[in-house]
Amino acid sequence: MHPNTTIAYIGLGSNLAEPIKQVQAAIEALKKLAQSHVIKVSSLYLSKPMGPQDQDDYINAVIALETKLTPLELLDTLQSIENKAGRVRKENRWGARILDLDIILFGNEIINTERLIVPHYGMKTREFVLLPLAEIATDLMLPSLVAADRESVNVLSQNIANNAMIKLQLN
C-alpha cells in the first residue's frame with residue numbers, strides 16, 4: 001500500500017438498462033479515478049431484489065480501491081458516477097435503480113455522519129455484499145470500536161444464506 005492511501009471497498013449494483021453493462025461501465029470509471037487505483041474486482045453476481053419483488057434481479061459486485069481521497073470525496077465521486085449513468089434518486093429506497101455505488105468499508109474507519117455510515121449499515125445481512133467481498137478479501141476483519149468485537153468477512157460470508165444468488169461466468 002502506498003503512503004497516505006486507504007483501501008476502500010465499494011459495492012456495485014444495478015437492475016435497469018442492461019445491468020451487466022452498467023456495472024462494468026462503473027468498474028471502468030472507478031479504474032480511471034484520480035488519486036485511486038483498483039486493486040481487485042469480484043465476479044459479477046445475479047441476486048434477488050431486496051425490496052419489492054416486482055422488479056428485475058440485480059447484478060452486484062464489490063471492488064477494492066486504494067485511494068488518497070477522503071471518505072466524503074470518494075462518496076461525492078461515486079454519486080457523480082451514478083448521476084452520469086442516469087441514476088435518479090427516488091423516495092422508494094428499495095426500488096429499481098440504474099446504478100448503485102456504496103462505500104462498504106473505508107480502511108478501518110468507523111464513520112457515522114448524516115451523509116455516510118461506514119461500515120455500511122446493512123453489509124452483514126446482505127449476501128450480495130458479503131459474498132463478493134469475501135471473494136476478494138477473505139482475511140478481512142471488520143472495524144470495530146472494541147477489538148474483541150471485530151468480525152471476519154470470511155466467517156460472516158459462510159454463515160449467510162445465499163438466497164439463490166448466482167456467480168456469473170462471463171467471457
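Predicted model: local features only at pLDDT ≥ 70, side-chain atom pairs only at ≥ 80, totals over all residues.

Residues are numbered from 1 along each chain as its sequence is written, and side-chain values use heavy atoms, with hydrogens and water left out.

Helix H2 comprises the 15 residues 71-85 and reaches 21 Å from its first C-alpha to its last, close to the 21 Å expected at 1.5 Å a residue; helices here are DSSP runs of H or I with at least four residues, and strands are runs of E with at least two, numbered from the N terminus. The expected span is 1.5 Å times one less than the number of residues. Within H2, Pro-71, Leu-74, Leu-75, Leu-78, Ile-81 and Glu-82 are buried, where buried means under 20% relative accessible area, exposed over 50%, and partly exposed in between (1.4 Å probe, protein chains only). Because these residues cover an arc of only 125 degrees around the axis, they lie on the same side of H2, the arc being that of the directions from the helix axis to the C-beta atoms. H2 is followed by Gly-86, whose phi is positive, near 105 degrees.

Glu-109 lies in the loop between S5 and S6 and is partly exposed, at 36% relative accessibility. Leaving aside residues up to four places away in sequence, Glu-109 touches Pro-71, Val-118, Pro-119 and Pro-143, contact meaning heavy atoms within 4.5 Å.

Ile-110 is placed in the loop between strand S5 (100-106) and strand S6 (111-112), and Ile-110 is partly exposed, with a relative accessible area of 42%.
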